[in-house]
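Please keep both in view while going through the sections.

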Amino acid sequence: MTKKTPDMPNPAHQPSRSDRLKPAELLGISGLMGLFIAGTILLTTRDLILSAIGFGVTFIVALVVIAMLVLGMKPNASEQTDLDEQNGH
């Protein structure tokens, strides 16, 4: 970690690999939920259009619910210090 000096502006923050892949993980979880529902609908009704609609609705609803749950989480101490460093406090 670099030290901040008074005459030097805040150095650019380099997010960790886990931070960069977090959105992809959330999309993947939503996609898997959508595929499960689409597969279930396809196997029971044999209707491809209904299965595609089920995939789309499930993907969007799962994505919104997961995003709302993530927004509701409080950052732990290390995340809070990281946020403070990014904001220049």
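## Aromatic pair

In this predicted model, the count of aromatic pairs comes to 1, where rings of Phe, Tyr and Trp (its six-membered ring) pair if their centres lie within 6.5 Å. The rings of Phe55 and Phe59 have their centres 6.0 Å apart and their planes at 20°, so the pair is stacked, given that planes under 30 degrees apart count as stacked, over 60 as edge-to-face and the rest as tilted.

Both Phe55 and Phe59 belong to helix H2, where they are 4 residues apart, about one turn of the helix. Phe55, at 30% relative accessibility, counts as partly exposed, and Phe59, at 22%, also counts as partly exposed; buried means under 20% relative accessible area, exposed over 50%, and partly exposed in between, with a 1.4 Å probe and protein chains only.

## Thr58 in helix H2

Helix H2 covers residues 48–72 and includes Thr58. The side chain of Thr58 reaches the backbone oxygen of Gly54 at 2.7 Å. Leaving aside neighbours within four places in sequence, Thr58 is in contact (heavy atoms within 4.5 Å) with Met33, Gly34 and Ile37.

## The chain as a whole

The chain has 3 helices and 0 strands, with helices (H or I, at least four residues) and strands (E, at least two) taken as DSSP runs numbered from the N terminus. Read from the N terminus on, the elements run α-α-α. Of the 89 residues in the chain, buried residues make up 11%. Among contacts between residues at least 6 apart in sequence, 61% join residues at least 24 apart.

## The largest pocket

The largest pocket holds about 490 Å³ of space. A pocket here is an open set of points on a 1 Å grid over the protein atoms alone, where a 1.4 Å probe fits, with protein on both sides within 12 Å along at least five of seven lines, and lining residues have an atom within 4 Å of a point. Of the 16 lining residues, the closest to the centre of the pocket are Asp19, Lys22, Pro75, Glu79 and Leu83. Helix H1 (17–45) and helix H3 (77–87) are the elements that give two or more residues to this lining.

By class, the lining has 6 nonpolar, 4 polar and 6 charged residues.

## Basis of the values

Residues are numbered from 1 along each chain as its sequence is written, and side-chain values use heavy atoms, with hydrogens and water left out. Because the model is predicted, local features need pLDDT of at least 70 and side-chain atom pairs count only at pLDDT 80 or more, while totals for chains, interfaces and linings use all residues.

Notes: Polar contact = N/O pair within 3.5 Å; in protein donor to acceptor, adjacent residues only side chain to side chain. Points joined across faces, edges and corners; volume = space filled by probe spheres on them. Nonpolar A, V, L, I, M, F, W, Y, C, P; charged D, E, K, R; others polar.
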